[in-house]
Amino acid sequence: RRKLRTDVAAAFPNLSAEQLAEFIPNKEELNVIKIHAHKGEAITVYMNNRNPILFEIEKALYPTVYTLWVYPDLLPAFSTWPPVLQKLAGGADLMLPGVVVPSSGFPQVERGTLCAVTLLGNRAPVAVAVATMSTAEMLAAGMKGKGFAVLHTYMDHLWEYGDKSYPPTLAPLVTDSAEKESAEDEEEMEGKEPVISFSTDPSQHVDVGDLSLKERDSCAILMGKEELREDRGAETAEDANTEVQQEAEDSRTPQEQMDALFSQCFFHALKCKVKKSDLPLLTSTFLRSHMFSCCPAGQQLDIKKSSYKKFSKFLQCMQHQKILQVKELNKGVESIVEVDWKHPDVKAFAVPEGFSSASAAQDSKSEDREQVYHAPEIIPLYGVSAKMIPLFQESGHRKGSILSSSEVRNIIINYVKTNELIDETNKNFVKVNAILCDCLLDKSEQDEISNLKWDDLLSRCLERLQPLHQVTFFGQEPIVRKGNIEPINIAIAQRSSNKKVTIIKNLELYGLDPQCVANILQQKVQASATITPVPGTKDRVQVQIQGNQIHHLAKMLLEEYQLPRKYIQGLEKAPKLGRKK
């Protein structure tokens, strides 16, 4: 203990004698945990009051965020924008474009100096990092490149081993007017894969979870693999004071404002719109039917203007914060399957003025009818298979290249013209050369067929390419999937007492929420509708409604939802007209 106090005093000369005695107390329990990395590097973690306060790598001592919250001025601090926090916890180092330049100037540090990373507006550190260049070099480089190698962050596994408390809200010592300058891109982080697990010394009987390590200058560095949660304590304080919040909004970049709007609409929708009975809920439905309706008047949600760029990444961040759980129930279609309504962030959220709980609940009931459904745009695509490579390599395509039908058609036409394969006597026919023979003809046909009609040539080509399809949902990025898209399947099944039920599958593939479809059908036909698992599958559901309801389904899918008839299977099973009960 005495040696540790001496080492701490040497490593952190800013600590006074009183602070040092408080930091390494004489009587309180102080535990030491040895952790060994896969390469054998020994890392020592010092625990006080169940919180890790220090970690030691190759005889160098580093404070944890728990220590820095008590002594926020222990290390020179550099500030960054709140959205960057997610990147740091995901394994990224801090790049200089993401560092906020204060009006008072940067602390003067040398290369290799241990530094703290804070968020704009809060002096409580959220990361411990080593400067990769001096202050002068940072400015000389025009604030470009990597500035800090991150060792440990709030919400990583080392933090998790403590009491998991949130950072305190500490007001900045100086109000920086220069902090209003925009950081045009919060994604200027150098992503790194979180890597190898530590194993704890068995004699310690300590489970520290999947601590991961990252190499920096041949050092093993503690890092967290999980995304971290933004400090909601500061946001709650801002909500309590409208004027302070207004000033904060004015000082943020458009990207940060869009992030804040997405966060507000997300918590608003969870608190007032979504019920447990709505789950599982398609993520596209959650965005379109719930979050959009929570957007304040005069503002519009646009994921591309946020730092997340994709709605799936935003939800992934919320999932890492353990607010909800997202699963891919059908291939390429994600659904929210679980929500923690007792999460502190959800409970602390206050519904903005102008939205009442009663009106929100009313909106939730009529949401399915009020929201306009946009049928997805579905485009068939074709992948170049190994057998077809000789035919497509002249046009610069390789195995796996993805093409539309028109591109395939143009490539084949150009190939035929370039190789002069058009039949001189009849231009409707194409001469089959060795490559066309190998690619498009079966073995039994190769000795018999010397010419092919244009239509036959193109159809044979498309048949031998790998089928794919691209689905673009309203307001989302296109998704490319293998194979042909499965149609919405409508079937009639016989139940006991000669009763019939209508079963509808694959609604999720077209951005339709099975629960919403069941609710609307139930109201329209006044018959019982339920959601049941699809037999023989995992995590897939189908709508089941009493009676033969194909006429109502056809009207709903074809006329109201504007889905093309070719993507609906089973409409021919509708009951014949004129048979009235």
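Asn506 is buried, with a relative accessible area of 8% (buried means under 20%, with a 1.4 Å probe and protein chains only). This is a predicted model, so to speak: local features need pLDDT of at least 70, side-chain atom pairs count only at pLDDT 80 or more, and totals for chains, interfaces and linings use all residues. Residues are numbered from 1 along each chain as its sequence is written, and side-chain values use heavy atoms, leaving out hydrogens and water.

**Around Asn506**

- Asn506 sits in the loop between strand 24 (500-505) and helix 18 (514-525); helices (H or I, at least four residues) and strands (E, at least two) are DSSP runs numbered from the N terminus.
- Its side chain gets to the backbone oxygen of Pro487 at 2.9 Å.
- Skipping neighbours within four places in sequence, Asn506 is in contact (heavy atoms within 4.5 Å) with Glu486, Pro487, Ile488, Asn489 and Arg540.

- Helix 10 (residues 283-291) has 9 of its 9 residues buried, so the rest of the structure largely encloses it.
- Among those buried residues are Phe286, Arg288 and His290.

**Helix 9 against helix 10**

- The axes of helix 9 (residues 254-272) and helix 10 come within 10 Å and cross at roughly 90°, which makes the two helices roughly perpendicular (65 to 115 degrees); axes are lines fitted to C-alpha atoms over the stretch in contact, with angles from 0 to 180 degrees between N-to-C directions.
- On the helix 9 side, Phe262, Cys265, Phe266, Ala269 and Leu270 meet Phe286, Leu287, His290 and Met291 of helix 10.
- That contact's residues split into 8 nonpolar, 1 polar and no charged (Ala, Val, Leu, Ile, Met, Phe, Trp, Tyr, Cys and Pro count as nonpolar, Asp, Glu, Lys and Arg as charged, and the others, Gly among them, as polar).

Terms used
Buried means under 20% relative accessible area, exposed over 50%, partly exposed in between (1.4 Å probe, protein chains only). A polar contact is a pair of N or O atoms within 3.5 Å; within protein, one must be able to donate a hydrogen and the other to accept it, and residues adjacent in sequence count only if both atoms are side-chain atoms. Angles under 35 degrees count as roughly parallel, over 145 as roughly antiparallel, 65 to 115 as roughly perpendicular and the rest as oblique.
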